[in-house]
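This briefing sets out selected features of the structure shown below.

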Amino acid sequence: MNPIKGLVTTVGGNAAPVRAALNDARPRFVLFVVSQESRPQVEQEILPAISGTLPQWEFLLVSDHQDIGRCYGEIRQGLADWLRRRDLQDSEVAADITGATKAMSAALALAAVERHSSFRYVGGDTRDKKNLGVVVDGSEQTFVCENPWNTYAVRDLERAATLMRDYHSDLAGDVLSGAARRCNGEMRTRLEALSRLVRSLACADRFDFDGAFKRYRRCRELLPLVLGDSLLVPVEDTFQSWLVLRKQTGRTDTTPGHETVLELIANADRRAHQGRYDDAVGRLYRAVELHAQRLIRAAFGSELGRLRLTSLPERHRPWLRDNFRQHPDGSYKLGIEQLFRILKECGELSARQMGTYERLKEHLFKRNNSLFAHGSRPVKAKDYRAFRDTFYGELGISQDQIPAWPDLGPILTAAR
């Protein structure tokens with residue numbers, strides 16, 4: 001256990017354990033948590049018995065030593081103020097919860113568990129009242145333990161689980177990696193593996209499937225130990241889907257496949273869950289465009305909607321040349337409406353597809369008129385849902401076909 005600079009300790013009617021704690025720890029700074037009744041103990045019985053140089057000390061007076069809620073609020077705020085005044089870091093301070101009322105000790109434990117790296121307690125094997133009472137003066141022993149919230153990363157895992165439920169995987173990765181630096185042994189290994197796993201999801205959420213693959217590969221060997229076989233299955237299934245998406249999106253000159261369209265929809269759903277509806281419809285818009293580009297590729301062999309006159313049957317070439325602007329490289333780069341016009345003019349749409357653009361037109365217009373596109377109108381939740389439901393109908397898909405992230409709630413719980 002590293003030496004400490006600061007000690008915060010409760011003070012009750014028995015000064016002996018506090019004296020023992022101070023003589024054992026020898027801190028430079030002390031915050032005495034006292035009640036009106038126990039305050040005189042500090043100057044009358046504790047400080048005079050301290051060996052060596054006296055620490056710099058202050059009082060934190062609680063207003064009701066029997067009210068655990070009030071004690072907690074006063075200690076929590078007073079502790080933060082003291083740390084700031086003394087320029088102390090959480091890792092440099094320990095909490096001793098031996099003295100005072102049960103309410104005061106419990107309140108200090110609750111306040112300190114949020115901050116400090118270690119707890120101290122003065123006990124001993126020799127007690128009065130047939131070895132069931134208080135420790136006999138002169139036989140005290142100081143017990144030191146790590147903060148259990150650090151040892152088991154309780155708060156960090158709960159926070160990471162909450163962040164993952166809202167798809168904030170980068171932030172969850174930061175929380176888990178920070179917790180790993182404070183832990184040791186097997187818990188550090190678990191947290192590092194989980195951090196890499198959620199960071200791989202963050203890469204996939206940015207459509208960086210190469211980065212997702214590399215991060216996942218770094219933690220893959222550890223996951224059976226961390227998760228167990230049953231929890232590993234949905235994670236491995238997600239990884240396998242990334243390999244397909246990595247291949248489809250790894251080139252800039254080919255049209256991605258249907259799996260990428262579905263992933264765009266899934267990505268849009270994640271943005272909608274976060275309330276980012278303008279972002280969500282932007283992803284749906286791209287999914288519609290990619291769907292049209294895939295129809296163009298199937299009909300004419302042209303990639304990413306870039307048509308050339310030679311791509312079309314000869315009888316349709318004059319129509320393309322007369323109705324659309326040719327780019328300097330000789331291609332015609334077309335938008336969603338134009339792609340569907342070409343397909344319709346050339347008879348490449350099925351009977352069901354003939355009205356696809358007309359049914360989507362209203363939703364595409366709302367996206368183009370949104371604040372993050374070319375207009376000033378923010379997109380609402382109902383706009384997104386209507387757009388998504390219409391597009392589902394045009395693709396002939398259902399929600400269970402949309403790829404979903406593995407549920408990391410049980411995974412994070414299992415890591416404790």
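Apart from neighbours within four places in sequence, D279 is in contact (heavy atoms within 4.5 Å) with R271 and F372. This is a predicted model, in which local features need pLDDT of at least 70 and side-chain atom pairs count only at pLDDT 80 or more, while totals for chains, interfaces and linings use all residues. Residues are numbered from 1 along each chain as its sequence is written, and side-chain values use heavy atoms, with hydrogens and water left out.

**D279 and its surroundings**
- D279 is located in helix α14, residues 277-300; helices (H or I, at least four residues) and strands (E, at least two) are DSSP runs, numbered from the N terminus.
- The side chains of D279 and R276 are joined by a polar contact of 2.8 Å.
- A polar contact is a pair of N or O atoms within 3.5 Å; within protein, one must be able to donate a hydrogen and the other to accept it, and residues adjacent in sequence count only if both atoms are side-chain atoms.

**Nonpolar cores**
- A nonpolar core is a set of buried Ala, Val, Leu, Ile, Met, Phe, Trp, Tyr and Cys residues joined through side-chain atoms within 4.5 Å; buried means under 20% relative accessible area, exposed over 50%, and partly exposed in between (1.4 Å probe, protein chains only).
- The largest nonpolar core has 42 residues, and those with the most contacts inside it are I265, F300, L307, F340, I342, L364 and F391.
- Two or more residues of this core come from each of α13 (258-273), α14, α16 (336-345), α17 (356-368) and α18 (381-395).
- Helix α14 provides the largest share of this core, 11 residues.
- Leaving out residues up to four places away in sequence, I265 touches L284, A287, Y384, F391, Y392, L395, I397 and I402.
- A second, separate core has 38 residues, including L163, L197, F209 and L245.

- Helix α3 (residues 68-86) has 19 residues and should span 27 Å at 1.5 Å a residue; its end C-alpha atoms are 26 Å apart, which agrees. The expected span is 1.5 Å times one less than the number of residues.
- In α3, the buried residues are C71, I75, G78, L79, A80, W82 and L83.
- These buried residues pack against β1, β2 (29-34), β3 (56-61), β4 and α4 (102-113).
- At the start of α3, a side-chain oxygen of D67 comes to within 3.1 Å of the backbone nitrogen of G69; after α3 comes D87, with a positive phi near 55°.
- Strand β1 (residues 6-10) pairs with β4 in the parallel sense over 4 bridges, where pairing requires that DSSP finds at least two bridges between two strands. L7 has A94 in β4 as its bridge partner.
- Strand β4 (residues 93-96) is covered on both faces, with V93 and A95 buried on one side and A94 and D96 buried on the other.

**Helix α7**
- The buried residues D156, L157, A160, A161, L163 and M164 belong to α7.
- They lie on the same side of α7, because they cover an arc of only 165° around the axis; the arc is that of the directions from the helix axis to the C-beta atoms.
- R159 and R165 are exposed on the other side of α7.
- Just after α7, Y167 adopts a positive phi of about 65°.

**K214**
- K214 lies in helix α10 (residues 209-219) and counts as partly exposed because its relative accessibility is 42%.
- Along the chain K214 and A20 are 194 residues apart, and their C-alpha atoms are separated by 53 Å.
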